[in-house]
Amino acid sequence: MNKKSKNPFLRAVRWVLHRAVLAVRIAVCLALLAPIPVFMVWFSYTVDRNGWFQGEQTEREIAIGLLEGNSIGGYEKMDERQIVKLYAQNLPASKEVIAIGSSRILQMTTTTSGSDSFFNAGMIGAEQTDVMSSYYLFDRADRLPETVIFGVDPWIFSDGPDANRGNRTDWEMYNEFLRYGLEHVMEPLDNTENIAQWVSLTNPSFFRENLEYAAENGYADPYPTVPSGELYEQEMDVKLPDGSVLYAVGTRERPQEDVDATATAAISASLLNCEDFYELDEEKCRLFDEFIQYMQRKGSEVILVLTPYHPIVYDEVMEQQERYSGFLAVEPWLRRYADEHGLALYGSYDPDAAGCTSADFFDGWHVRDEGIRKFFPGVDECTAYTAPADAAQLPRQMQEE
Amino acid sequence: MELITTLWQFIQNATTAQFEAFWAKFPLHSADFWQALWASLWPRDGHMEFTTFTFWAFLAICAFFSYLLPRVTRPLWLLVCSYGFYLYSRTGVQLVAVLIGATVITYLAGIAVGRLQNLWARRAFLWLAVLSSVGILGFYKYANFLRRTAADIAGLFGADSSVSMLDIPAVLGLSYFTFQSLGYVIDVYKGKIAPEKNPLYYALYVSFFPCIVTGPIERAGHLLPQLRSPVPFNYNRVAGGLFRMLWGVFKKLVIAGNLSLFTKEIFTHMQRYNGLVLALGALAFSYQLYMDFSGYCDIAIGAGRVLGFELLENFKRPFASRSYGELWARWHISLSSWFRDYVYIPLGGSRCSTPRHMANLMVTFLVSGLWHGDSTGYVVWGALNGVFVCVGKLTGKKRQALAAHNPLYKLRFVKALIQCSCVYLLFSVCMVFFAASFYGGGLADGFYLLGHLGASGAGLSQLVFGKLGLSAGLVWAVALSALFVELGEKWGRPDLVIRKIWFIGRWPLYYLMIAVILVFGNLGASGSVYGTF
C-alpha cells in the first residue's frame, strides 16, 4: 500500500513541502533568468541609439567632455539643444552664472561674464521657445544659476513670418516648460510616446540595433577633444568647456574688408529673422514678461544683454526704418521694461551705442568677445538699468525721440 | 566579433552607479508602462509567431491557469486558449468558421462511422468527411491554382488563357487541422481508434494551438488519450519543454534566419551570381528549411511539454540519412507517415508489383508536393523526390553489390560521409524548385539555377560581405551554431538531454544560447517557411 495514504497529516505535510520546494525552484529559475532582460534593457537604455533617454550618443559624449573641462571640435555639426540638455542633466552642481540666447551671445566667455562659475547655454538661431527652454533645462535638473545673462535678440518679439519657425526647437521640451515652468493651464501632455519608448527597451530587436550602433560608433570620433595648446590653430569651430564658441582660425582672422563685405552681403539679402517685422508681437511680449518673472521667482538675477549688429547692418536698418519698424521698436521696449522691472540691461543693437566698431565683429551680427567687453562690465559690476544721461549711449532711433 | 567586443567593453565599463541611475528612472511603478507593455504584446498584425514574446507570454498564461485550474476543466481552458490563439490574428476572426466547420463535420462523421454497422453508410460518412476536408483545402488553397491551370490548358487549344485570380484569404493552419481531422475519421473507419464522444476533447484535438501553425500533424490515437487525462505539473517536464523551445528559437533565428538572408538574395537575383554561389544557395536552402521547420516544431513540441503533452517528433536528424528512403523516414515524419498511412498504403503500398509500387510512390510524392502549395515548383519538387526514392528502391541491391568493391567504403566514416553527402546533394537538387516557388519564382527559376551552375557573376565574398554586409563573425557564429545543434541532437532529444546535465553546466548553456540569439540571431525572421503551407 502507498505510504501516502496512511497518514493524512503526513500527506498534507508532504503536499505542502512538495509545493514549497517547487515554488523555490521556480523562484530560483526566474531569479537566474532575470539578469538577461534586465541587462538587455539597461544596455539599450545606456546606448540609446535613438537618443530617447540619454540624448544622442555623440552629443552625450560632447556634454560629458565639456563637463570634464575639455574643448570639443566640430561645433558646427553639433546639436546644441541636445548638448545643453545633456550638460544640464549631468551638471554636478549649479553654475553661478549662465548665459542664454542665440549664437550672438555665444562669444560670452567665463572671462567676459566676470564669474569663474559660468556656462554659456546659447544656441545657434535660438527662438524665444529655445531660450525659455534652455533656462528650464537647468530648472528641471535642479541646477538653477544665481544669475542669468539673457542675450535678447530682436526676432524673439517678431510677428513676421520669418520669426519663430521653430525648425530646431525642441517642442516637447517647450511644452513641458509652459506646463511646469510657467504653470500654464494646458491640455495634459501626451506621454504615450515616452512610455512607448520605455517599452521598446524590452524589444530584443531594439537591443540588437543598439548593439550594432555601439559597435559601429564606439570608435569613431567626429568631435575630437582639442588640446588647450592647439585651440587657436583649429580650422573648425570649437566648443569651449564654458559653453562659448571659439570660431575657426579662418573666421577669427578674416581680414576686415572681408568682414565688412560679409555684413554688406548679409543685409542686402535679409536681416536675420527680422524681415517683415513691423510691430512687436503682444503674445511674445507677454511670454517674455512671464519668463522674466519665472526666472526671478526661481531666484535668478536677470541681466539683459543686447549684442550689437555690425555698423553696416545697423546703418542699413536705420535707412529702411519703415521696413524694420518692428526691429527698431524692440530696444526701446526692452529699455522701458528693464527700467520698470529693475533689471540690469547692457549693450545695444546699435553698435555706436554699444561702443563697438566694425573691428569688433566676425560678420554682420556676431560680435567678438572683445566687443562684448566694451559694453558689458561683468556680472559683479551690473546694476539695475537707468536711462543713460548721455544720449550717445542710446540707439539712434531713441536719440531721435 | 565587434558586437561581442562591444558587449564586453560595456560590461567592463559598467558601474553600479550607472545601473542605479537607470533603475531609478525605469518606470516599473507606472501603470501606463505596464499597460503599454501589455498592448505592445498584442499587435495582432498577423498570427502569433512562436519566436515572439507575445507567444511566450501567451503560453505562460495558458500554462499557469492550466495547472492552477482543476484538472477536469483543463481541456476546456486549453480549448479557449487554442481558439484565443486562432482569433489573435484578424484573419483568424474572419476564418474561424472554417476551423469550426471542419471540426463539426469530422466530429459528426467520426461518431457516425464509429457507430453505424452498415458498411455503405460508414463509407458514405467517411467520404463525406474526406470530400468536405479536401473541399475546404481545395477551395482555400488550390482554387486559384486550378483556375490558372485550366486557363493554361485552354490556352493550349487556342482559347483565351487570361484568368482573374480570386481573392481568397489564407486560413491559418488549414493544411494541418484538415489532415489531423481527416486522419482521425479514417482511423475510426479502420477501427484503429474508437470515436471520440466528447466534442470538447475532439475540438481541442483539432485546434490544439502548439500544432496548428506548422504541425506536427498529430494522430488521434496519440494525442486524444493525453487530452482526456491531463497530467499534473512536473517541473522537469516543463523545464525540459522550455529548453526545447529555446532550442527551436536558436535554430530558427540564429541558423535559419541568417541563412535566409543568403538564400533569399540568391533565389531572387540569380542572374547576378556565379555558379558556385548558386550551388551554395541551393545547398544552404535545404539546411535553412530544415533548421526553420524543425526549429518551429521544437517550439511546438516544447510548448506541448510545458502544457503537459507529448507531441510527435517531426524530425530525426534527416541529413544523417544514408539513403534517400531513410531521409523520408526522418524528415517531416508526421506528414510522411500521414501520407504513408492514408495515401501510400491504401494505394497498395509495396505489397504489389514493382511498377505498381513505383506508381504508388510517385503518386504519394506528387500529392505531398501539391500539399505544400499551389505552385508547379512544389509539384516538380514532389515528383523529383518520388523519382529519387523510386530509383533508390530499384537500384538498392545493385548499389549494395557495387559498394562491396568500393575501396572508400572500407572506412566506415568515409562511407557514411559519402552516403550522407549524396543524399543531401539529391535533396538539394529537389529543393531548388521548392525554394524557387517559395521565393515567388516559378519552375523556370529552378531550371535556370540548375542550368547555370557554371555561370560567371558576382562571387561569394561579394555577396556575403558586400551585398549582404554580413561580418565574418556572423558567418562563423552560424557555422558553429549549426555544428553545436548537430552535435546536440546527435546526443538525443534536447529536452531530455538537458535535464541530465548538472545545474552548473546547464545554466551557462542557457545564457550562452540566449546571448547568441540576441547577438547573432536574425531577430526580424519570425515567420516559418512551413507556416505558409
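Predicted model: local features only at pLDDT ≥ 70, side-chain atom pairs only at ≥ 80, totals over all residues.
Three bridges join strand E2 (residues 97-100) of chain A to strand E3 of chain A, and the two run parallel.

Q: What makes E2(A) and E3(A) count as paired strands?
A: Pairing needs at least two bridges between two strands, and E2(A) and E3(A) are joined by three. As one example from this region, Ile98(A) has Phe119(A) in E3(A) as its bridge partner.

Q: Why are E3 and E9 of chain A said to stand at the edges?
A: The open sheet has five strands in the order E3-E2-E4-E8-E9 (chain A), with parallel pairing. Strand E3 (118-120) and strand E9 (344-347) of chain A each have a single partner strand, so one side of each is left without a neighbour in the sheet. From one strand to the next the twist averages 20°.

Q: Which helix lies across E8 and E9 of chain A?
A: Helix H14 (residues 325-341) of chain A lies across strand E8 (301-306) and E9 of chain A, and H14(A) runs at about 155° to E8(A).

Q: How do you know that E1(A) and E5(A) are paired, and in what sense do they pair?
A: The requirement is at least two bridges, and strand E1 (residues 71-73) of chain A meets it with E5(A) over two bridges, in the antiparallel sense. Here Ile72(A) stands opposite Thr225(A) in E5(A). These strands belong to an open sheet of four, ordered E5-E1-E6-E7 (chain A), with antiparallel pairing; its edge strands are strand E5 (225-226) and strand E7 (245-246) of chain A, each of which pairs on one side only.

Q: Why are H16(B) and H17(B) called roughly antiparallel?
A: Helix H16 (residues 354-372) and helix H17 (residues 376-403) of chain B pack at an angle of about 150°, with their axes 7 Å apart. Angles over 145 degrees count as roughly antiparallel, and H16(B) and H17(B) are therefore given that description. H16(B) passes H17(B) in a right-handed crossing. Among the residues that meet are Met358(B) and Phe365(B) in H16(B), and Tyr378(B) and Trp381(B) in H17(B). By class, the contact of H16(B) with H17(B) has twelve nonpolar, six polar and no charged residues.

Q: Why are H6(B) and H8(B) called roughly parallel?
A: The axes of helix H6 (residues 90-115) and helix H8 (residues 174-189) of chain B cross at roughly 5° and come within 9 Å. Angles under 35 degrees count as roughly parallel, and H6(B) and H8(B) are therefore described in this way. The residues that meet include Leu99(B) and Val113(B) in H6(B), with Phe177(B) and Tyr189(B) in H8(B). The contact of H6(B) with H8(B) divides into ten nonpolar, six polar and no charged residues.

Q: What makes up the contact between chain A and chain B?
A: The contact takes 21 residues from chain B and 23 residues from chain A. On the side of chain B, the elements that give two or more residues are helix H1 (2-13), helix H2 (16-25), helix H3 (31-41) and helix H23 (503-520). The residues of that side divide into 15 nonpolar, four polar and two charged.

Q: Where in chain A is the pLDDT below 50?
A: Chain A averages a pLDDT of 83, and 88% of the residues score at least 70. Over residues 186-191 of chain A, however, the pLDDT is below 50, and this stretch has five contacts in the model beyond near neighbours in sequence.

Methods
Residues numbered from 1 in each chain as written. Chains lettered and ligands numbered in written order. Contact = placed C-beta atoms within 7 Å. Nonpolar A, V, L, I, M, F, W, Y, C, P; charged D, E, K, R; others polar. Axes fitted to C-alpha atoms, helices over the stretch in contact; angles between N-to-C directions. Parallel < 35°, antiparallel > 145°, perpendicular 65-115°, else oblique. Left-handed = near helix turned anticlockwise from the far one by under 90°. pLDDT = per-residue confidence, 0-100.
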